Amino acid sequence: MVKMILTGNESAAWGARLSRPKVIAAYPITPQTSIIETIAEFIANGEMDARYIRVESEHSAMAACIAAQNTGVRTFTATSAHGLTLMHELLIWASGARLPIVMSVVNRAMAPPWSVWTDQLDSMAQRDTGWMQIYTENNQEVLDSIIISYKVGEKHHILLPTMVMEDAFILSHTSEPVDVPEQKMVDDFLGEYEPAFKLDPDDPAGFGSLIMPEGPYMEFRYKMALAMDAAREEIRKVSQEFGEVFGRYYPGLVEEYRTEDADAIMLVLGTIGSTAKDVVDRMREKGKKVGLARVRYFRPFPFEEIREIAKKADMLGVVDRSYTFGYGANLYAETKSVLYGHSDVPVKNYVMGLGGRDITPEIVEKVFDDMLKIAREGQVDREIEWVGLHGDERWS
Amino acid sequence: MVVLPEEPTPIAKVPSTENKTGGWRTFRPRIIYEKCIRCYICWKFCPEPAIEFDSPDAHPAPKPALAKFDTVKINYDYCKGCGICANECPVNAIEMVLEESIEEEEAD
């Protein structure tokens, strides 16, 4: 194992390199670009044996990955925001074609207003595409999650693609020490890619062909639903195996931090987690019983874990770095949905940090204080609250 | 007992040519061979492609100079009747005929 100082994007490139994809098809977009630049450099230096396809758009990038993966090799790509949403159609194709492609997504705000900073609307808008989604907290987790995602997705009872999210700039362009595993260890862990099916000129076949309404369209979709459900257990299992080999144990679908005996627990996605952990420590020192649950996998959704977490506290505060216009944001809506009929614990949505607005320890502490007040009173003052709007004295 | 397909995604082992799309047609293109100058513009434009070559002597040539060139014919198994060939034909040698009227013709 080698310790390197890597940005989140370099970590993603290393995660891809170590997983040995044979085809990379990608189109540049800030803040993702340095992932594919780093990979291009690896290939140009002969350090990575892969074909790099330069395409004219992200739609084509995913189309090329689908075609290449269908020939029986691993593929990788990376994108952000407008690139990801342009891919939308092909994302649904990739999962329906049951191709375990792995893609880095650097979460960036959608325009307008034009912005390149972090915001999770881009990937939240891909919720229903049939991709697994993991939101990472640090650069090490970025690298490791790419390797883990190939391992999980390629299992023949899963066969689903995964997007590995990083928060723009907070991870993508920030350097941290990262343990880069030895190639041999990753080779042994992942093994050779064994496709469940592939294109073969000697045995012609058409993939994804037309199915009439009376044909098994619903049955294929049901198989996909079962595979996504089975992925929960597979993620837990592979995370454990990864820990045994590499010494870094990831806590399955949700990471809990000081949730035991907590009065209020905050649910977050991505890098807000590490800020909130510090705040939890500070508040615990003052005797305020708060805890954190960092939801790593948004798809498959960790409904069992969240129901258990709800039993531990008097209140859940759900922080979203995105919004669903017309109703609360995604993590909030889905959290409430899985708790219905299982828990009466009050749940409140805090919409924060859109367009890369900084989520500081101070503002997180204020949110925790608001959550503790709700926990005491047993009642939510308002279900959805936008935190830190200009001029809002509540949060200034 | 729920019956699920064995494969994870539809994998067709028969070629798509098994799917005869001629039945979709409302209008049938019909070549008027007395006008056809054998330029093959219809063959170029047909999106299916459902226009095929036939031997030069399959039909009498409108001019002796054309007699050595292949004629064209329409494969009605796949022609969807879009009418692009009739629209593109520079000498209006393709007419679009309502399928039902042909059926009536044939019945008579």
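## Helix packing, sheet and chain contact in a predicted model

Helix H10 (residues 303-312) of chain A packs against helix H11 (residues 330-339) of chain A at an angle of about 75°, and their axes are 9 Å apart. Angles of 65 to 115 degrees count as roughly perpendicular, so H10(A) is roughly perpendicular to H11(A). From H10(A), the residues Phe303(A), Ile306(A), Arg307(A) and Ala310(A) meet Thr335(A), Val338(A) and Leu339(A) of H11(A). By class, the residues of this contact are five nonpolar, one polar and one charged. The model described here is predicted.

Chain A as a whole contains 12 helices and 16 strands. Its C-alpha trace spans about 70 × 55 × 45 Å along the principal axes. The radius of gyration of chain A is 21 Å, which agrees with the value near 21 Å that a compact globule of 396 residues would have. Of these 396 residues, 51% count as buried. Among contacts in chain A between residues at least 6 apart in sequence, 81% join residues at least 24 apart.

Six strands of chain A form an open sheet with mixed pairing, in the order S10-S12-S11-S14-S15-S16. Its edge strands, S10 (254-257) and S16 (384-386) of chain A, each pair on one side only. From one strand to the next the twist averages 20°. Within the sheet, strand S11 (residues 264-268) and strand S14 (residues 315-320) of chain A pair in the parallel sense over four bridges. Here Ala264(A) stands opposite Met315(A) in S14(A).

Two helices of chain A lie against strands of this sheet, as the table sets out.

| Helix | Strands touched or crossed | Angle |
|---|---|---|
| H11(A) | S11, S12, S14 and S15 of chain A | about 150° to S14(A) |

The remaining topic is the contact with chain B. There, 17 residues of chain A are in contact with 10 residues of chain B. Strand S9 (206-207) and helix H8 (217-246) of chain A are the elements that give two or more residues to the side of chain A that touches chain B. H8(A) provides the largest share of that side, four residues. Sorted by class, the side has 10 nonpolar, four polar and three charged residues. S9(A) also pairs with strand S1 (residues 11-12) of chain B, in the antiparallel sense and over two bridges. In this pairing Gly206(A) stands opposite Ala12(B) in S1(B).

Note on methods
Residues numbered from 1 in each chain as written. Chains lettered and ligands numbered in written order. Predicted model: local features only at pLDDT ≥ 70, side-chain atom pairs only at ≥ 80, totals over all residues. Contact = placed C-beta atoms within 7 Å. Nonpolar A, V, L, I, M, F, W, Y, C, P; charged D, E, K, R; others polar. Pairing = 2+ DSSP bridges. Axes fitted to C-alpha atoms, helices over the stretch in contact; angles between N-to-C directions. Parallel < 35°, antiparallel > 145°, perpendicular 65-115°, else oblique. Rg over C-alpha atoms; globule rule 2.2 N^0.38 Å. Buried ≥ 20, exposed ≤ 12 C-beta atoms within 10 Å, placed from the backbone.
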